[in-house]
Amino acid sequence: MEQTNHPETRRLYDDNAYLNRFTANVLACTPAKKQGRFEVVLDQTAFFPEGGGQPADRGTLGGANVLDVQTRQGVITHLTDAPLEAGSAVEGVLDMEHRLDSMQQHSGEHILSGILHRMFGCENVGFHIGQEETTLDTSLPIPPEGLAAAEAEANRIVWADLPVQAEYPAPEVLATLTYRSKKAIDGAVRIVTIPGADCCACCGTHVERTGQIGQIKVMGAMNYKGGTRITLACGGRALTAFSRMLEEQAKLRAQFSAKNGQLAAAAQRQADELAAQKARAAQLEQQVFAYTAAQVQEGDQPVLFVRDLSGDSLRRLCLALSEHTHRPCAVFTQGGQGYAYCLAWNGGDARVLAKAMNAALNGRGGGKPELCSGSVAETDLDKVTAFFQEQEQAGNI
């Protein structure tokens, strides 16, 4: 509270990413915008502030929980749930499970990004470690077979248990290095080097050796802004993801009565059987629709209310009525806020009638002259029937 201008906080995580306990002096503690939260500045810290795609560390300071760490106007600020006395010495304790997870994801991303850069000449234009998944965005599209090859090479780097070096090279040395960087950096540049895989400017925390990553697994990829967005799971996250997949597969094998290695074939058999049943059901349904249409007598108002029709069934029944009567026909079923409808007119323009019905029954929808579809919010069937009676009396149908 007493100080507003602070000397630069010493970043202990730069020197030792595995330091989990430290003592520091509180330079300032001020109330945060959110009630019950406080912003604490220390003379040194092992807590990594959110940045470069890596989340902030968690843990405790004195008797307070560290909820977030941010760099604001060059000052590392710790958000706590209790105040700390300015000028006092406090012990900081990191949540190392959270820190190790961040390091595994970040180091794994460096390896894969470096290999993709070497193989395809693409840049890493986006990186984020989320609570559930890690994503990296490339500047160029990566074909599936290329991504599989890069993943295999990345894991060979992991299994080689190579050293991960993080240092601030002297300016004359930095000038001779070829390294990846998303943006130009003024002043000292921290370089993270993984032999045979990557050399990159980075402020984050990393494992000491690649073997500590455990495994790098590509969980998915999609086209994104002219490049590829890759979803990763490294280290403990890869193990968790694999365990969940095994649990899900076990449930599916039980459901399909399939042995290991036979799940896909069993699922395909069931899909083929279901498709055949749907085809048979559609044939029977079409026969019912034709019979229903044949029962409409001349002068009858061809407006039907049928329960539990799919969108396709709604359309086919309405067309069957229209072909039989050559009059405007409507079929309604439950859907939307009231009823879903299909309106057909063999030889006329259904759009005119649909527009009038939407206005009268609080509906919306449209289509082609021969067929329109949509929904009405009106749920009183008598009012729906009355609309068509009024249209018929007015000579509109």
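Q: Which residue in E3 stands opposite threonine 30?
A: Threonine 30 has glutamate 39 opposite it in E3, and glutamate 39 in turn stands opposite leucine 79 in E7. The model is predicted, so local features need pLDDT of at least 70 and side-chain atom pairs count only at pLDDT 80 or more, while totals for chains, interfaces and linings use all residues. Residues are numbered from 1 along each chain as its sequence is written, and side-chain values use heavy atoms, with hydrogens and water left out.

Q: Why is tyrosine 179 called partly exposed?
A: Its relative accessible area is 30%; buried means under 20%, exposed over 50%, and partly exposed in between (1.4 Å probe, protein chains only), so tyrosine 179 takes the intermediate label. Tyrosine 179 is placed in the loop between helix H4 (171-174) and E12.

Q: What makes E11 (165-167) and E13 (198-201) the edges of their sheet?
A: In this open sheet of three strands the order is E11-E12-E13, with antiparallel pairing. E11 and E13 each have a single partner strand, so one side of each is left without a neighbour in the sheet. Four bridges join E12 (residues 191-194) to E13, where cysteine 199 is the bridge partner of threonine 193.

Note on methods:
Two strands pair if DSSP finds at least two bridges between them. Helices (H or I, at least four residues) and strands (E, at least two) are DSSP runs, numbered from the N terminus.
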